Amino acid sequence: MPENMPFSTSGLPKGSDQFVEAFARGLSVIRAFGPRHQSLTLSEVAQRSGLTAAGARRLLHTLITLGYAQMEQRKFCLTPAILELGYAYLTSLPLSELARAAVDDYMEKTGEICTVSVLDRHDIVYIARAEMPSPLSRRLGVGERLPAHATSSGQILLSGLDADGLEAYLSHAPFERLTQNTIIETTPLKKAIMQARQKGFAIASQQLELGICGLAVPIRDDRNKIVAALTTSLNLARHQEDTILPTFLPIMQKTADYISRRLGNRPA
């Protein structure tokens with residue numbers, strides 16, 4: 001899982017009657033938690049959120065009072081109630097309902113994992129996921145985050161950014177190396193993203209996890225903008241890499257086209 005990046009309120013448009021700084025600080029405390037940072041001391045929360053210890057303490061105890069956080073053995077952590085905030089977003093998306101049905105249908109037809117994800121800063125976030133029940137299931141669910149640079153989904157979603165957005169993303173390279181195949185430098189990553197844009201699909205073999213190959217295609221809205229990625233993750237112990245595209249790309253494109261059309265997309 002990716003390292004959750006610290007978030008600071010510095011540089012935000014304070015001093016405006018349209019900007020509530022206290023609310024922004026509260027969100028920075030929530031974002032201090034994440035993969036590898038599920039449980040934090042007060043000083044760690046303050047450091048990761050860019051707040052003073054006193055400010056972080058007040059906001060943490062507010063979250064505890066509201067039921068969104070708890071403290072155990074002098075460490076703070078979020079509670080499952082925090083999922084209400086993300087769920088409110090997910091259930092408001094027309095895409096979410098379409099995606100759930102589509103990934104289930106793909107999984108039933110192929111027996112393979114299928115996901116729909118969106119881009120959130122440096123990560124992809126699942127909004128739908130289907131997988132055959134198995135002792136080997138990866139147990140990643142809706143709301144889970146993965147690093148965009150190491151996934152086929154991420155390469156598709158990044159290919160939908162404008163030039164400024166993509167350059168801003170690439171300015172954070174080098175990225176975390178998760179396997180020996182992970183692309184972490186600016187030039188090869190930009191090349192992979194441009195290829196995904198040109199070809200209309202991305203394939204990332206063993207970049208996130210050894211033995212796993214991801215194949216992703218774009219989902220587009222009524223403005224022909226890439227709004228999500230449809231992805232299948234394939235175990236290379238069961239599939240030869242050179243058979244993945246001819247076997248799975250056509251059905252993935254058909255599934256993504258179905259979702260896109262329901263979102264109002266009309267190919268030229």
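Predicted model: local features only at pLDDT ≥ 70, side-chain atom pairs only at ≥ 80, totals over all residues.
Reader: Contact means heavy atoms within 4.5 Å; with that settled, which strands does helix α5 lie across?

Author: Helix α5 (residues 94-110) lies across β3 (113-120), β4 (123-130), β7 and β8, and runs at about 60° to β4. Helices (H or I, at least four residues) and strands (E, at least two) are DSSP runs numbered from the N terminus. Axes are lines fitted to C-alpha atoms, for helices over the stretch in contact, and angles run from 0 to 180 degrees between N-to-C directions.

Reader: What is the strand order in the open sheet?

Author: The 6 strands run β5-β4-β3-β8-β7-β6, with antiparallel pairing. Two strands pair if DSSP finds at least two bridges between them. From one strand to the next the twist averages 30°.

Reader: How many bridges between β7 and β8?

Author: There are 9, joining β7 (residues 212-220) to β8 (residues 226-235) in the antiparallel sense. Gly-214, for one, has Ser-233 in β8 as its bridge partner.

Reader: Is Glu-112 buried or exposed?

Author: Glu-112 counts as buried because its relative accessibility is 4%. Buried means under 20% relative accessible area, exposed over 50%, partly exposed in between (1.4 Å probe, protein chains only). Glu-112 sits in the loop between α5 and β3.

Reader: What does Glu-112 touch?

Author: Leaving aside residues up to four places away in sequence, its contacts include Tyr-106, Met-107, Ser-233, Arg-238, His-239 and Phe-248.

Reader: Switching to helices. At what angle do α6 and α8 cross?

Author: Roughly 75°, with the axes of α6 (residues 152-159) and α8 (residues 186-199) coming within 8 Å. The two are therefore roughly perpendicular; angles under 35 degrees count as roughly parallel, over 145 as roughly antiparallel, 65 to 115 as roughly perpendicular and the rest as oblique.

Reader: Which residues meet there?

Author: Gln-155, Ile-156, Leu-158 and Ser-159 in α6 meet Ala-192, Ile-193, Ala-196 and Arg-197 in α8.

Reader: And α7: which residues are buried?

Author: In α7 (residues 163-170), they are Leu-166, Tyr-169 and Leu-170. Down the axis of α7 these fall within an arc of 95°, so they line one face of the helix; the arc is that of the directions from the helix axis to the C-beta atoms. Their cover includes α6 and α8.

Notes:
Residues numbered from 1 in each chain as written. Heavy atoms only, no water. Contact = heavy atoms within 4.5 Å.
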